[in-house]
Amino acid sequence: KEREKKLQIYVAARDACFTKRKDGVFDDEALQLTQQLLSSNPDFATLWNYRREILLHLETVRNQDEVQKIYEAELSFLESCLKVNPKSYGSWHHRGWVSARLPRPDWARELSLCDRCLSLDDRNFHCWDYRRMVVKMSGVPVKQELDFTDRLIGSNFSNYSSWHYRSTLLPLLHPQAPDTPSQCGNPPPSASPQTHFHRVCEEQLLKEYELVQNAFFTDPNDQSAWFYYRWLLGRAERDEMISCVYVSREEERVAVAFSRPVNAQSVGVEWQSVHPHFKNSPVWICSLPPGTISDVANEHNLTVHWTEKHSHRDCALYTGRSESWCRDTATDLELFRSELSVEKTSVLQSELQSVRQLQELEPLNKWCLLTIILLMRALDPLGYEKETLAHFQTLKDVDSMRSAYYSDLCSKFMIENTILKMEYAEVRVFSISDRKLTTLCHLDQLLLVTHINLSSNQLQQLPPQFAMLQCLEVRIGTLFFLLFFINLNSEISTLADLQPLASCPKLKRLDLRGNPITQTTNAEAELAGLLPSVTDLLL
Amino acid sequence: MGVSISNDHVIGTSAQLKDVIIKPDAPSSLLLDKHADYIAAYGSKKDDYTTTNSGKMDTINVDKAVEFVLSCMNFDGGFGCRPGSESHAGQIYCCTGFLSLTGQLHQLNADLLGWWLCERQLPSGGLNGRPEKLPDVCYSWWVLASLKIIGRIHWIDKAKLRRFILACQDEETGGFADRPGDMVDPFHTLFGVAGLSLLGDEQIKAVNPVLCMPEDVLQRIGLQPDLLS
C-alpha cells in the first residue's frame, strides 16, 4: 500500500515533467520536479537532459552571478545524489557538464571531492574519469597526480585503478628521449600504450620496477602489481618496415612480409593477401607478368615501395639464380625481446633472483611463476628454455583453469626460440617437434622456410595464416606424422592425394576449401570414409 | 546491479579475492522450459519494440571512429569508456565488436587482451568484469563474447563457467540472476543463455558473438563479422 502510493507520486511527477518538456516549459516547478525524481532515480537520463535544457534556458535570462549561484546549487544537489549512488553515469556526467559551464569553477574543490570519493572506493571508475577531466581542465601537474597514485598504492590493497592511472601518467612525465633509435618524430594521435611512442625513458622505467616490486613483495596476491609489472617487461614494438622480400623466378612472383598487418590492396601492381579472409595481412604476393623474370640469364633489381611509410626494400635477382631474398638481419636479435642496455640487464637479473626467492616462499603463487618466465624471456630466451618449460608445467598445475592459456603462451615462446635458432644457423628449416605445441604464431617470420617439421605436438588445426609460408615445399611423405593438413596451393584434387592422412589417427580438422577435390561428387561421404577420425571437415 | 555483501553466497573477507560460493544444491542442469515461461510472461506485442536507429555505416567517419576507439586502448590491452579510462569488460566487448565490424581486429593485441580476459575467471568458475570484483553472469557474455571474437575462448575453463552460469538459475521462477541466489531479471537471463550458447550448449541455438543474435539469422541475411582465429 505504501509502495503503491509512492509509485503513484513518482508516476505523476514523471508525467508532469514529460508534459512540461513537451510544452517547452522551463520553470522553477520543472526544476523541483526533476530534482525530486532524480534524487530517487539518478539513472533517468531523459530527466537529466530536461534539467540541462532548463539550465541552458536560465543562462539566457539570468546574469552571471545568478548563474554562478544556480550552478553551485546544482553541484550541491549532485553531491547529495552521489552520496546515495556514487556509481550513476547520469550524476557524474551532469556534474562534468555543470563544472564546465560554471562561470567561476572551483577545481580544487572538485579535486577534493574526488579525493574523498576515492578514499571510500578507489575502484570507482566514474570518479576516476571525472578526476581526469578536472585535472585536464585545471592543469594539475602530472607529477602531483603521480604522487597521488603513490599514496593510494601505498595504503590500499585494491589498486588496479591507481596502477592503471600511473600507466597513463608515466609516459607524459618521462617520455623516451628523442635521440634513441626507436623514436621517429611526432607520435600519431592514436598510438596505443604498447607502441614505443608512449614508452617511458629507461631511467624512470628502472625506478618503476623497484616500486612494483615493493608492492608484490608486500602482498604477493595483489594481482594489479603483477599486471603492471608485465607491462613494464613488455617488449618494444618493432619499427614499421618491410621485413623481407622474396623473389621466385620459377613462380614468377614476389612475396613481401611487413612488420605488421597492412592492407596492400589496390596499389598499382596486383597484390594479393595470403590470408583468405582478412584484408589486412603481414604477407602479400605479387604475380609478375609472365616472362618478366623467367630467363635465368638475366639479372633483375626489384624494389618494393611502402609509400605510406616512405620506406622501401631492394632485392637483386642474379644471373643463374632461381630465387633471391633480402631481409634486415639487424633486427633478428631484438625480434622477440626489447633491447636491453647493460644497466637494465643487471637490474632484471636481480629482479629474477628476488622473484625466485619469493616463489620459494609462495610455491602456489601463479603470478610468481609467470613473472619468472617473463623475466627469463627478457634476459635470455634460449639459455632459459629448459627452465621455462619446467615452470610452465608447474604453472599449469597451480592454475589449471588457465592451462590452455599457458600451453599457448609456451608454444609461442618455443616458436620464438626455434626462429632464433634458425636465424643463428642460417637455415631455412623450421623444426619444432615434441614441444606440446598447441598453437602456431609468428608465421609471418617464416616466409623463407622450405621445410617444416611439426610432428609430435598437440596442434588440432592449422591457422589460415599458414599460407604465409610461401616457400614451403610440401611433400606428402613428411605429412605422415603430422596432426593437421594445410591448403596452400590448391592442388588437392583426388582422394589419392589424401591417402597418407589415413595414417594420421589424431587428425581432427581438415580444411580443403579452395581445393578441386571439393568439386567432385560425393566428396564429403568419400572423405568421411577415408578419414573417419576427422570430425571437422570443411569443403 | 548492486552488490549485497550480506548475501551468504558472497565471500567478502579477503580484500584481494572477492568471489562467490556455489552451494551443493544449486541448479546444475539447464532449465529451458522454466526460462521459456519466464520470458514469455513478459509479453511480446509488436508495439513493445521500437527501432532505435537505422544507422548506416557510411554516415559515420569510420576512420575517425577507429582512431577514437584505439585511443581508448590501455596498458593491459583492454579498453575503457574514454581515453585514459580503466579497462572494463563491458567496454572491451563494445570495442572488440566495433573493431570486428570495421575490419580492424588486427589492431588489437589479442594475446595480451586474451590474458586479461581469461584472468576474469574466479575459483567459482564465474567471470568478473575487471580485477578484484565479484563474478556476474552478464560477464559470461561480455568477457566470453570478447574472447570468442579474438579467437581465445579456449583460454577459460568452460566446464567451470558452465557450472557457475547454471547455478545462477532460479528453479522456481525460471530466469537467471547475476549470481547464485539473487533475484532474476531478463537482462541476466539473456546473457546467461547467450553465454551457454557460446560455450557450446547443444540445446541452444548458436549465437553470434559480435551481434548477440542467432547465427542462423545472420546467415540468412549474409552477415558474417570478422573473428580472429
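Between chain A and chain B of this predicted model, 21 residue pairs are in polar contact, counting pairs in which both residues have pLDDT 80 or more. Five salt bridges also cross the interface of the two chains. One of them joins Arg82(B) to Asp129(A), with 3.1 Å between the closest N and O atoms.

Several helices of chain A face chain B. Helix 7 (125–138), helix 9 (160–173), helix 11 (223–233), helix 13 (366–379) and helix 15 (403–425) each give at least two residues to the side of chain A that touches chain B. Helix 11 of chain A has the largest share of that side, six residues. Sorted by class, the side of chain A that touches chain B holds 18 nonpolar, 13 polar and twelve charged residues.

The extent of the contact can be given in residues or in area. In residues, 43 from chain A are in contact with 42 from chain B. As for area, the size of an interface is often given as the accessible area lost when the parts come together. For chain A and chain B the buried area is about 3,700 Å², and carbon and sulfur atoms account for 57% of it. On the chain A side, Arg123(A), Tyr160(A) and Met401(A) supply 18% of the area buried against chain B, more than any other three residues.

The domain assignment divides chain B into domain 1 (1–60) and domain 2 (69–220). Where these domains touch, 25 residues of domain 1 of chain B and 37 residues of domain 2 of chain B take part. Together the two domains bury about 2,600 Å², 66% of it on carbon and sulfur atoms. Within domain 1 of chain B, the residues that lose the most area to domain 2 are Ile22(B), Leu30(B) and Tyr38(B), which together make up 24% of what that side buries.

What polar links are found across the interface of the two domains of chain B? The rule finds zero salt bridges there, but it does find nine residue pairs in polar contact, both residues being at pLDDT 80 or more. Strand 2 (19–20) and helix 1 (32–40) of chain B are the elements that give two or more residues to the side of domain 1 that touches domain 2. Helix 1 of chain B gives the most, with five residues. By class, this side of domain 1 of chain B consists of 16 nonpolar, six polar and three charged residues.

Methods: Residues numbered from 1 in each chain as written. Chains lettered and ligands numbered in written order. Predicted model: local features only at pLDDT ≥ 70, side-chain atom pairs only at ≥ 80, totals over all residues. Heavy atoms only, no water. Contact = heavy atoms within 4.5 Å. Buried area = accessible area lost by both parts, 1.4 Å probe. Salt bridge = Lys/Arg side-chain N within 4 Å of Asp/Glu carboxyl O. Polar contact = N/O pair within 3.5 Å; in protein donor to acceptor, adjacent residues only side chain to side chain. Helix = DSSP H or I, 4+ residues; strand = E, 2+ residues; numbered from the N terminus. Nonpolar A, V, L, I, M, F, W, Y, C, P; charged D, E, K, R; others polar. Domains from an automatic or database assignment.
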